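Here are my notes on the model, point by point. Have it open while you read.

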Amino acid sequence: MITIDKPNNNNFHNYKNQLINSKKYNKNEISFKAAPDIALDGITKIADLFIKSQENLSSTRFIQDTATNWAPKAIFARSKADFAEMSFLEFLESAIFYFASPILGEKLFRNKVFKNFIPSAIKDKVNEQIPKTVETIVQNNTLTDEVKKRAISTKAGIVLACTAIPVAEYTLSFAKNLFTLKTFKKSNFNNIANLDKSHKETEDKEQQERVERNSKKQLKKAAVISALGVVSGIGLALYGHKSEKLQNISKTILEPGKAVANAVSKAGVKSDKVKNTLSRFSLDFDSNNGKLALSKGQLALTAILGLFGYSKAAEDRGKLDVAEVWTRVPLVVFYTIFGGELFEKGFTKLLEKKNKFPDILKKNAQGKLDIPSRAQLPELAQKIAQAKNTSPAKELARLTKEKAFVTAVPYAFSLIFMGLTLSAITRLWTQYRYNHQQKENAKNNLDIFTFSQIVDTPQIYKEFEESVK
């Protein structure tokens, strides 16, 4: 309970402050009551847990997405070696996507290494700007030029130091080749994928040596490139604020798309759409509550390099491995970068057009669909309940189910098509290629055998000799 003294000439200001504080308290109390913790049960509780897992970008999402990609392939695994190397790839790949940026970019380089290169007087100010965009930093008039320049060059230095992330994705396939060779003594893709059901395929020692040699070479190269990235990043953080040229290099590293757009503009291209599309490509980190997180641009670069790493490593193990990579991986890369978001946007627009779930699918001031997060649902349920004179618990249950549906359909598409269907088609298509290849080889061998018989037949040779005479 709050008590307020009666005002007089001596304590009027005290009375005024007490009154203001009481209003603040009451306002907070009302705000707290506006979005109570409403209990959920049954199917609604399961739907709520699913939504939370989708919005969680930490270990829960890592486990879920890894399982989504891993489980379908595990179902269609063709041998122990195939299962083991696929598991090796999926778990390490997910670790790169979900943990590499927060661990390397945020915890190690930003908070342990690079902050030591900034003078103590402005260390906190510069570090505070690191998760923000270049444009935001440049336009902040409360910052000194030194703080702005140090923040931009330090950001670029951290990105360079994290070169190990896309490099690791590229070399992961070579590490997988080495893992399979050392664990299962296999380097021939036909044997790993169990394409020859009669098990007549043998291992070629020369191929095994080539796989081991190339894999180790690529891993050593990756270590050197990663080390150079760290050294270059430290150099940029130390001296990038002192030179306008280094500042421009820093901005190009962070936002290469804008540099390309400017070059295209100077070359005479006048299309604003082209320039705007190019400008969006950025290698800067995203900000997750003020912490560095993997951005769309970083994801795109990492995924594309992964595709070429898959293909290059497959060359050592046979043509069918290369063919399987280019059948499946480009679709996965496209879906990883664009497909999931495009499908989700298309699906939500279709629902909005049909006036489905109007409380969940609302357009904001810019005309874009603004889907509330899980944390916003209780407050939204309270408002709807007051307007309709219904129960907040009932409205929250409805909103939770609707949001779960909107979230679940794109997720199901990813699981069924990109997971199960694509994995099944890829494996069947590879087996078909192998069988067709074997038939062609058998036919060629038969033709050679028949030709040899004809050439070596003494009678035919004798008749030919006599005809010449």
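**Notes on the predicted model**

1. Phe88 comes out partly exposed, at a relative accessible area of 22%; buried would be under 20%, exposed over 50% and partly exposed in between, with a 1.4 Å probe and protein chains only. Keep in mind that this is a predicted model, where local features need pLDDT of at least 70, side-chain atom pairs count only at pLDDT 80 or more, and totals for chains, interfaces and linings use all residues. Residues are numbered from 1 along each chain as its sequence is written, and side-chain values use heavy atoms, with hydrogens and water left out.

2. What does Phe88 pair with? Its partner is Phe179, in a stacked aromatic pair with 4.8 Å centre to centre and 10° between the planes. (Rings of Phe, Tyr and Trp, the last by its six-membered ring, pair if their centres lie within 6.5 Å; planes under 30 degrees apart are stacked, over 60 edge-to-face, the rest tilted.) Phe88 belongs to helix H4 (residues 80–113) and Phe179 to helix H8 (residues 164–184), so the pair links distant parts of the chain, 91 residues apart. Phe179 is partly exposed too, at 26% relative accessibility.3. Now the pair Phe347 and Phe405, which is tilted: 6.0 Å centre to centre, 50° between the planes. Phe347 sits in helix H15 (residues 319–353) and Phe405 in helix H17 (residues 392–456), so this pair ties together parts 58 residues apart in sequence. Phe347 is buried at 13% relative accessible area, while Phe405 is partly exposed at 40%.

3. On aromatics in general, the structure holds ten aromatic pairs. There is also an aromatic cluster, made up of Trp70, Phe83 and Phe91.

4. Back to H4 for Ser101. Is Ser101 buried or exposed? Buried, with 0% relative accessibility. Leaving out residues up to four places away in sequence, Ser101 touches Ile96, Glu106, Ile165, Phe285, Leu292, Ala293, Leu294 and Gln298; a contact here means heavy atoms within 4.5 Å.

5. Please look at how H12 (residues 256–266) packs on H13 (residues 272–279): the angle is about 155° and the axes are 7 Å apart. The axes are lines fitted to C-alpha atoms over the stretch in contact, with angles running from 0 to 180 degrees between N-to-C directions. H12 and H13 are therefore roughly antiparallel (over 145 degrees; under 35 is roughly parallel, 65 to 115 roughly perpendicular, the rest oblique). On the H12 side, Gly257, Lys258, Val260, Ala261, Val264 and Ser265 meet Lys275, Leu278 and Ser279 of H13. Sorted by class, that contact has four nonpolar, three polar and two charged residues.

6. Two backbone spots deserve a look. Asn194 has a positive phi of about 55° without being a glycine; it lies in the loop between H9 (189–192) and H10 (205–239) and is buried at 19%. Phe357, again not a glycine, has a positive phi near 50°, and lies in the loop between H15 and strand E3 (362–363).

7. Finally, the overall numbers. The protein has 18 helices and four strands, taken as DSSP runs numbered from the N terminus (helices H or I, at least four residues; strands E, at least two). Of its 469 residues, 39% are buried. Among contacts between residues at least 6 apart in sequence, 66% join residues at least 24 apart.

Key: Ala, Val, Leu, Ile, Met, Phe, Trp, Tyr, Cys and Pro count as nonpolar, Asp, Glu, Lys and Arg as charged, and the others, Gly among them, as polar.
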